[in-house]
Amino acid sequence: MGVVAMTLARALATFCLLPLLIGCGGNDSSGDPITIDTDSPAASEPPTEPTGPESSQPSQQKPSIEIASAPIGGNVESTENGYQCAEVNWLGRNPIPDGTTVKVGSPHLEPGGVFELDQTGCGDKSPPCGTDLVWQSNTFKPCFVGVRQIGSGNAVQLILSASAECATEADCASLQGQVPGSQISFTPGPPSG
């Protein structure tokens, strides 16, 4: 029985290999030799998936606006020796829209030559207005700007620039509010002498 099974196995193997040997005989109907590309992956294999983390989508830029003279107002207090301090509040759209961040720029005075920025005029009132300050609807807090009189002249306006990043274009467009620009000015006293 073992001999019969072996003979049958050889016959079956020859029968199965015969079409393969005929197919690889070296010529096709055009007479050109057949070449088999062993370097390319089999057509039925799916491409391998990368194993690393997926690349993140590019971040979308939020609408933003630059405000050369932010809508600000507040009280100005005079102190000793020509010092004054302004409490600076946001007069633009109130409350500041959710999803909007207003970054306060550096204060400056127009015209110059009458006062100079000097935070001493505000004593321990804080925070000072400046580039580290951020206003949002839920974290708004007034800031303070101190000045010292250095000459004579007319009233000097406090200018505070700002930049804002908003949830929508409409929110950015509405930030200036009804009263654009600065409503804060410092009035010089008589010259000291």
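Which cysteine does a disulfide join to Cys85? I looked it up and found Cys122, with an S to S distance of 2.0 Å. I took a disulfide to be a pair of cysteine sulfur atoms within 2.5 Å.

Before going on, I noted that this is a predicted model, in which local features need pLDDT of at least 70, side-chain atom pairs count only at pLDDT 80 or more, and totals for chains, interfaces and linings use all residues. Residues are numbered from 1 along each chain as its sequence is written, and side-chain values use heavy atoms, with hydrogens and water left out.

Entry: disulfides.

I searched the whole structure and found three disulfides. The link of Cys85 and Cys122 is right-handed, with 100 degrees about the S-S bond. This pair connects distant parts of the chain, 37 residues apart: Cys85 sits in strand β4 (residues 83-90), and Cys122 in the loop between β6 (115-117) and β7 (134-135). Strands here are DSSP runs (E, at least two residues), numbered from the N terminus. I noted both Cys85 and Cys122 as buried, where buried means under 20% relative accessible area, exposed over 50% and partly exposed in between (1.4 Å probe, protein chains only).

Next I looked at Cys129, which a disulfide joins to Cys143 at 1.8 Å from S to S. I read 90 degrees about the S-S bond, and the link of Cys129 and Cys143 is right-handed. Cys129 lies in the loop between β6 and β7 and Cys143 in strand β8 (residues 143-149), so this pair ties together parts 14 residues apart in sequence. Cys129 counts as buried because its relative accessibility is 8%; Cys143 is buried at 0%.

For Cys166 and Cys172 I found a disulfide with S to S 2.1 Å. Their link is right-handed at 105 degrees, and both Cys166 and Cys172 are buried. I numbered the bonded cysteines in sequence order and got the pairing 1-2, 3-4, 5-6.

Entry: aromatic rings.

I counted three aromatic pairs in the structure. Rings of Phe, Tyr and Trp (its six-membered ring) pair if their centres lie within 6.5 Å; planes under 30 degrees apart count as stacked, over 60 as edge-to-face and the rest as tilted. One of the pairs is Phe115 with Phe186, tilted, at 5.8 Å between centres and 50 degrees between planes. Phe115 is in strand β6 and Phe186 in strand β10 (residues 185-186), so the pair ties together parts 71 residues apart in sequence.

Finally, I noted Trp90, Trp135 and Phe140 as one aromatic cluster. Trp135 is buried at 1%, whereas Phe140 is partly exposed at 31%.

Key
Helix = DSSP H or I, 4+ residues; strand = E, 2+ residues; numbered from the N terminus.
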